[in-house]
Amino acid sequence: MNIGLSAPWALILGITALIPLLKRGQTAISYPSISMLPSDPLSTMLDRLLRSSAAAAALSLSLGIAGPYLHEQWVERVGTGAHIVLLLDRSSSMNENFSGSYMGGRAQETKGAIARKLLAEFVARREHDLFAMIDFSAAPIYVMPFTQDRPAILAAIEATSGRGHGVTNIAPGLAMALDFYSGKPFTGSRIVLLVSDGAARIEEETRDQLRQWFQETQATLYWIYLRNPRSGRLSEKPVNPGESTTPEYFLHQYFQNLGVPYRAFEAENPEALQRAILEVEQLENLPLHYLEKLPRRDISGYCYAAALAFLALLLSAKALEVKSWPV
């Protein structure tokens, strides 16, 4: 059954529906006799209508008190769009400001705050995409599974407004992001959108495992690199290269050899970050099949509305009732 009850015991109150069927509710009027008068079908019909309305009102009220609801269910949706995992850096370095020019005098906003604002605008514009979200610093945090519920994903982005902490450790976050695609059918574009201002060395064994998972899931990787003045550019080989001193460069080289589509966007200020997100927004939209979970829905309001309609009919009849017969 797709319908459930929050308080089934309240159905016992439905026995009160028998009262109007067994007992008249109209006031009796003294009159010598009406036995010689012909039958009145209209009066008989009105009497039955009022009795039935009273019984229906009692049943509707008892059912409303019982709290009927529709069970949660899965509904298949078909559209165009992408499965996008937002992988947001929450390390302590995200508390820093950008360098260079700023948009709209927002020089005091941190990189993390500006990234959240622009990501929220990006999510609001992508009406047909499914979004999931992960935060990471030293370890990843599971925030939101794939959903098309825009208020939910926007609330998840807003919930990361606290100060970042810890170091940047990308590998566990990437592994958790790819796990979202494990065992799912290949529909729509699969995208991991990494927003980070730093990187860390990935062990060789972990590199091989991540490369295998990327190739199995065929997920596209986009890295929006929030560069600060102390970091080098991804496309320029550092003078003294080293994975401990310039991990961003080596991570970029590793991403280029994953065997899946990959692009990096360098953002040195809020304007560059906005341009990068707008460019990501031009992604290809492929046919998308997915199941959406609809939450439990309360329907007791319909019962109360029906009871109100029946009671209104009874009150109208009561107002028209003759209190005494003229002499």
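Rings of Phe, Tyr and Trp (its six-membered ring) pair if their centres lie within 6.5 Å; planes under 30 degrees apart are stacked, over 60 edge-to-face, and the rest tilted. One aromatic cluster is formed by Trp223, Tyr225, Tyr254, Phe255 and Tyr262.

This is a predicted model, where local features need pLDDT of at least 70 and side-chain atom pairs count only at pLDDT 80 or more. Residues are numbered from 1 along each chain, and side-chain values use heavy atoms, without hydrogens and water.

**Aromatic pairs**

The whole structure holds 10 aromatic pairs. Two of them are tabulated here.

| Pair | Centre distance | Plane angle | Type |
|---|---|---|---|
| Phe122 and Phe131 | 5.9 Å | 85 degrees | edge-to-face |
| Tyr222 and Phe265 | 6.1 Å | 20 degrees | stacked |

Tyr222 lies in strand β7 (residues 220-226) and Phe265 in strand β8 (residues 262-267), 43 residues apart. Strands are DSSP runs of E, at least two residues; helices are runs of H or I, at least four; both are numbered from the N terminus.

Buried means under 20% relative accessible area (1.4 Å probe, protein chains only); exposed is over 50%, and partly exposed lies in between. Phe122 is buried at 0%. Phe131 is buried at 0%. Tyr222 is buried at 13%, and Phe265 is buried at 6%.

**Two helices**

The axes of α3 (residues 111-125) and α8 (residues 270-280) come within 10 Å and cross at roughly 25 degrees. Axes are lines fitted to C-alpha atoms over the stretch in contact, with angles from 0 to 180 degrees between N-to-C directions. The two helices are therefore roughly parallel (angles under 35 degrees). Phe122 of α3 takes part in the contact, as does Leu273 of α8 (heavy atoms within 4.5 Å).

Definitions and conventions: Angles under 35 degrees count as roughly parallel, over 145 as roughly antiparallel, 65 to 115 as roughly perpendicular and the rest as oblique.
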